[in-house]
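Here is a short report on a two-chain model. Read it with the sequence and the coordinates open.

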Amino acid sequence: MLTSAANRQAVTVNVTGRSGTATFTAAPGETLLEAALRQGADVPYSCGSGSCGLCKARVISGRVETLWPEAPAYGKKHRADDALLCQCAAEAPGNHGTLELTLGGASGAISPPGTRPGRFDARVLRIDPIGDDLIEVELGLDRPIRYAAGQFGLFYFPGIVGGRAFSFAAPSPDTGSDRVLLVVKRKLGGPATEFLFARNAPGSRLEMFGPLGHAIFDPGCGRDLICVAGGSGLSFGLSVMGGATLAGHFSTHRGILVVGLRRPSDLASLARLGAMAETAGPGLRIIIALSDEGTVPPEGWTVPGVEVMQGFAHDVMHTAMAGHHANLMAYVAGPPPMIQAVQRVLLLEAKLPAGNILCDTFY
Amino acid sequence: MTWKLVKDAHAVLENDMKEFEIDGVGILIARNASGFYAYPALCPHMEAQLSFGTCDGKLITCMQHLWQWDMETGEPTGMAEEAIKTYPTKEEDGQIYIWFEQEHKYSYMED
């Protein structure tokens, strides 16, 4: 990657947090976050892509190479010895073999090998437009992956520095699968999304690191679920509520899935929502919220089991909850203004504890 | 080093909060049934603007990662790993004053 051949030697990294010190090896050019997670070091993170700042560490001794110094999570006036684990690699020559870091949060625990993420080779198999500047992308992997509903991967594109985070848009089968599905929104000037929106994208090769993410459906949670998904957050909604559907959660618990769209669009995912409604049964209510005023869904656009309502996603969610606020777990993904509006309703109106609200924090 | 008037802070509604500026420093004023409270305007975690968050009369919540604090003491609760600092406040003639010696700083503002 960015390190020259002369510097190609692995560095031993010690990360100290509240729960002790974890030791792992970082390969040349590899981000410290990937190095830690693939070796089971339980370091804190959320977005994995430089936005959230949860993986910020402080360099005690040794040197790091910052792959993306402009990462938003560095903030306006960060200290010179601050290092985002997801944006830094160990700089081999400056370290004399070891790098020492401290973290504000927990670390030190080593997770069992079965749950560790890793690098995959991926190939773009299929890309279909699904409206509102969204595409559905199917990728083939070099080996099967198993992930929890709601998790994501970091995708590395040819010639683009740093990984881009995309949620898996369908729950993984118990046996795992060598195919993954994404929903991607076009970001003008965003090199990764421009790559996928280019006509020649099918057939191209990528790398993926995953699975990642703590905002997951827990089959043992014993709670009713509410999920609000807007824009490309649709993938997170399909994964979380799809996973809960597969687990039979809605035969004993209630669920509401609100999908926020601007207007009726060429939504291939509509069929997926319809299939989810059919499998889940009456325990799950699926509502599409159309935010553009005066939009009327064209004839034949709807599918059985999926309601269509007018309004912003957070208002539609509030109405649909109808005062039923107890024992809820909430999942939110989408554009930041939508996430904040939903959080506001959940905290102030539904009085949900903050710990019961799980958000997809990258966007 | 004195009591400083926070102009218009008395107009903050109960169970609400708003950001003001004193000597070029951002100050968050929150209000509940017991009175007015003052803090630095930015979250101790990642300098997000707390005024974009929520105040329900008991807790202040930052919208960035849902860190929460007891609004009367500044003590962290839930997922928050650090307290928010507070400035003493007083009400006089219907106006709100804070005791402002110097800007409260968090670790990300060091050096």
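Leu66(B) is buried, because 23 other C-beta atoms lie within 10 Å and 20 or more is the mark for a buried residue. The model is predicted. Leu66(B) sits in the loop between β6 (59-61) and β7 (68-70) of chain B. Its phi is near 60 degrees, a positive value in a residue other than glycine.

From Leu66(B), Ala80(B) is 14 residues away in sequence, and the C-alpha to C-alpha distance is 7.8 Å. Ala80(B) lies in the loop between β8 (76-77) and β9 (89-92) of chain B. Ala80(B) counts as buried because 23 other C-beta atoms fall within 10 Å. Which residues does Ala80(B) touch, not counting those up to four places away in sequence? They are Trp67(B), Gln68(B) and Trp69(B).

Lys351(A) is in the loop between α7 (336-349) and β19 (357-359) of chain A. Is Lys351(A) buried or exposed? Lys351(A) is exposed, because it has 11 C-beta neighbours inside 10 Å and the limit for exposed is 12 or fewer.

**The two chains**

Chain A has 7 helices and 19 strands. Chain B has 0 helices and 10 strands. Read along its sequence, chain B runs β-β-β-β-β-β-β-β-β-β. The table sets out the overall values.

| Chain B | 111 residues, 13 Å | 40 × 35 × 20 Å, roughly | 37% | 38% |

For chain B, a compact globule with 111 residues would come near 13 Å, so the value of 13 Å agrees.

The chains touch each other. Chain B gives 16 residues to the contact and chain A gives 17 residues. On the side of chain B that touches chain A, 7 residues are nonpolar, 4 are polar and 5 are charged.

**Domains of chain A**

The domain assignment divides chain A into domain 1 (5-103), domain 2 (118-212) and domain 3 (224-359). The centres of domain 1 of chain A and domain 2 of chain A, taken over C-alpha atoms, are 25 Å apart. How many residues of domain 1 of chain A are in contact with domain 2 of chain A? There are 8 residues of domain 1 of chain A, and they meet 9 residues of domain 2 of chain A. The side of domain 1 of chain A that touches domain 2 of chain A has 3 nonpolar, 3 polar and 2 charged residues.

**The nonpolar core**

The largest nonpolar core holds 141 residues. Those with the most contacts inside this core are Val13(A), Leu32(A), Ala36(A), Leu85(A) and Val258(A). Take Leu32(A) as an example. Leaving aside neighbours within four places in sequence, Leu32(A) is in contact with Val13(A), Ala26(A), Leu85(A), Cys88(A), Ala89(A) and Ala90(A).

**Helix α4 of chain A**

Helix α4 (residues 234-246) of chain A has 13 residues. At 1.5 Å a residue it should span 18 Å, and its end C-alpha atoms are 17 Å apart, so the two agree. The helix is mostly covered, with 12 of its 13 residues buried. The buried residues of α4(A) include Leu234(A), Phe236(A), Leu238(A), Val240(A) and Met241(A). Among them too are Gly237(A), Gly242(A) and Gly243(A). Just after α4(A), Gly248(A) takes a positive phi of about 75 degrees.

**A cis peptide bond**

The peptide bond from Gly210(A) to Pro211(A) is cis, with omega near 0 degrees. Pro211(A) is found in strand β13 (residues 205-212) of chain A.

Methods. Residues are numbered from 1 along each chain as its sequence is written. Chains are lettered from A and ligands numbered from 1 in the order in which they are written. This is a predicted model: local features need pLDDT of at least 70, side-chain atom pairs count only at pLDDT 80 or more; totals for chains, interfaces and linings use all residues. A nonpolar core is a set of buried Ala, Val, Leu, Ile, Met, Phe, Trp, Tyr and Cys residues joined through C-beta atoms within 7 Å. Two residues are in contact if their C-beta atoms, placed from the backbone, lie within 7 Å. Helices (H or I, at least four residues) and strands (E, at least two) are DSSP runs, numbered from the N terminus. Domain bounds come from an automatic or database domain assignment. Ala, Val, Leu, Ile, Met, Phe, Trp, Tyr, Cys and Pro count as nonpolar, Asp, Glu, Lys and Arg as charged, and the others, Gly among them, as polar. The expected span of a helix is 1.5 Å times one less than its number of residues. The radius of gyration is taken over C-alpha atoms; the globule rule is 2.2 Å times the number of residues to the power 0.38.
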